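Me: I'd like to learn how to read a few features off a model. Can we go through one together?
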Amino acid sequence: MIELPEAVVLAEQIEETLSGKRVVDVVVNQSPHKLVWFSDDGAEYVKMLENHVIDKATSYGGIVEVVLGNTTLAISDGINIRYLLRHEKLPSKHQLLLRFDDESVLVFYAQMYGGILCAEDRAIDNPYYQLAKVKPSPLSAAFDLDYFMEMAACDQQQKKSLKGLLATEQSIPGLGNGVLQDILFNAKLHPKRKVNTLSIGEKERLFHSIKTTLLEMVSMGGRNSEKDLYGDVCGYQTKLSSKTVKQPCSLCGGVIVKAAYMGGSIYYCETCQKI
């Protein structure tokens with residue numbers, strides 16, 4: 001699933017590769033998917049996108065925003081985005097396809113679920129999108145130690161686990177269960193550890209891990225559990241993920257453990273990340 005690092009990378013790749021390309025054909029919902037959401041029934045997408053030129057792309061949390069004149073596309077975390085040249089094979093199923101004047105295509109299709117939202121004048125009415133636009137990115141200077149300490153000190157956060165603090169309720173848009181694992185590993189903190197048990201030093205360590213781990217993931221082109229705009233596996237080698245479970249911990253040699261927690265999986269080293 002796309003999270004903050006992959007959204008940053010995808011937006012950069014789209015802007016670098018597709019800026020100036022004109023959309024000449026639009027195919028909407030060729031393969032209906034009950035867990036893919038559109039701004040309406042999709043009928044207006046052709047009118048809003050056809051004959052428009054891609055101007056720029058950016059990311060907000062785990063959302064990739066593509067601007068074409070006065071039209072905005074906002075793609076959420078469960079949607080794969082691929083750019084294909086005219087001789088490359090299209091995926092068998094897709095929910096949106098944009099064909100450009102050079103016959104290359106930008107295609108969007110669901111991994112599990114997600115949103116392909118489109119509106120004119122950036123009037124996308126979606127709470128996750130709106131929240132991601134106003135909250136500071138952990139890659140920005142605005143997300144500083146004071147901001148994080150205030151967020152963690154909130155009464156409603158105190159009884160939460162660290163997974164609950166960081167990866168639920170859009171506390172930090174784009175920081176999900178995927179990137180959470182390496183952040184906590186680098187901070188030597190257990191995902192089930194309660195916020196109200198952390199010392200000041202541990203909170204500071206967690207803050208710095210958020211900043212440095214996400215920056216490393218972005219600089220390496222996203223996590224190796226995901227693919228980029230061209231379908232290539234991203235370059236950051238995850239320390240804790242389905243790819244490393246039962247392997248030796250890179251720090252102590254202990255075994256990486258997988259457990260079910262809060263509706264998903266967590267990974268940790270029992271020695272380095274004591275609860």
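Me: Which exposed residues does the face of helix 4 turned away from its buried side carry?

Reply: Two sourcing notes first. This is a predicted model, where local features need pLDDT of at least 70 and side-chain atom pairs count only at pLDDT 80 or more, while totals for chains, interfaces and linings use all residues. Residues are numbered from 1 along each chain as its sequence is written, and side-chain values use heavy atoms, with hydrogens and water left out. On terms, buried means under 20% relative accessible area, exposed over 50%, and partly exposed in between (1.4 Å probe, protein chains only). Helices (H or I, at least four residues) and strands (E, at least two) are DSSP runs, numbered from the N terminus. Now your helix: that face carries D146 and E150.

Me: And which residues of helix 4 are buried?

Reply: In helix 4, residues 145–153, the buried ones are F148, M149, M151 and A152. They sit on the same side of the helix because they cover an arc of only 160° around the axis, taken from the directions from the helix axis to the C-beta atoms. Their cover includes helix 5 (162–167) and helix 7 (200–219), with contact meaning heavy atoms within 4.5 Å.

Me: How do I read the sheet: in what order do its four strands come?

Reply: The general idea is that strands of a sheet pair through backbone hydrogen bonds, either parallel or antiparallel. Here the open sheet runs 1-7-8-6 with antiparallel pairing; two strands pair if DSSP finds at least two bridges between them. Strand 1 (23–28) and strand 6 (79–84) are at the edges with a single partner strand each, so one side of each has no neighbour in the sheet. From one strand to the next, the twist averages 15°. Strand 7 (residues 96–100) and strand 8 (residues 105–110) are joined by four bridges, and L98 has L106 in strand 8 as its bridge partner.

Me: Which strands does helix 1 touch when it packs on the sheet?

Reply: Helix 1 (residues 4–18) touches strand 6, strand 7 and strand 8, and its direction makes about 25° with that of strand 6. Axes are lines fitted to C-alpha atoms, for helices over the stretch in contact, and angles run from 0 to 180 degrees between N-to-C directions.

Me: How far apart are the axes of helix 1 and helix 7?

Reply: Two packed helices are described by the angle between their axes and the distance between the axes. For this pair, that's about 35° and 9 Å.

Me: What about phi: where is N51 found?

Reply: Most residues other than glycine have a negative phi. N51 has a positive phi of about 70° although it isn't a glycine, and it is found in the loop between helix 2 (45–49) and strand 3 (56–60). Q170 also has a positive value, near 55°, and lies in the loop between helix 5 and helix 6 (177–187).

Me: Last one: how many aromatic pairs does a search of the whole structure find?

Reply: Seven. Rings of Phe, Tyr and Trp (its six-membered ring) pair if their centres lie within 6.5 Å; planes under 30 degrees apart count as stacked, over 60 as edge-to-face and the rest as tilted. F38 and Y45 are edge-to-face, at 5.6 Å centre to centre and 70° between the planes. F143 and F148 are tilted, with centres 6.4 Å apart and planes at 40°.
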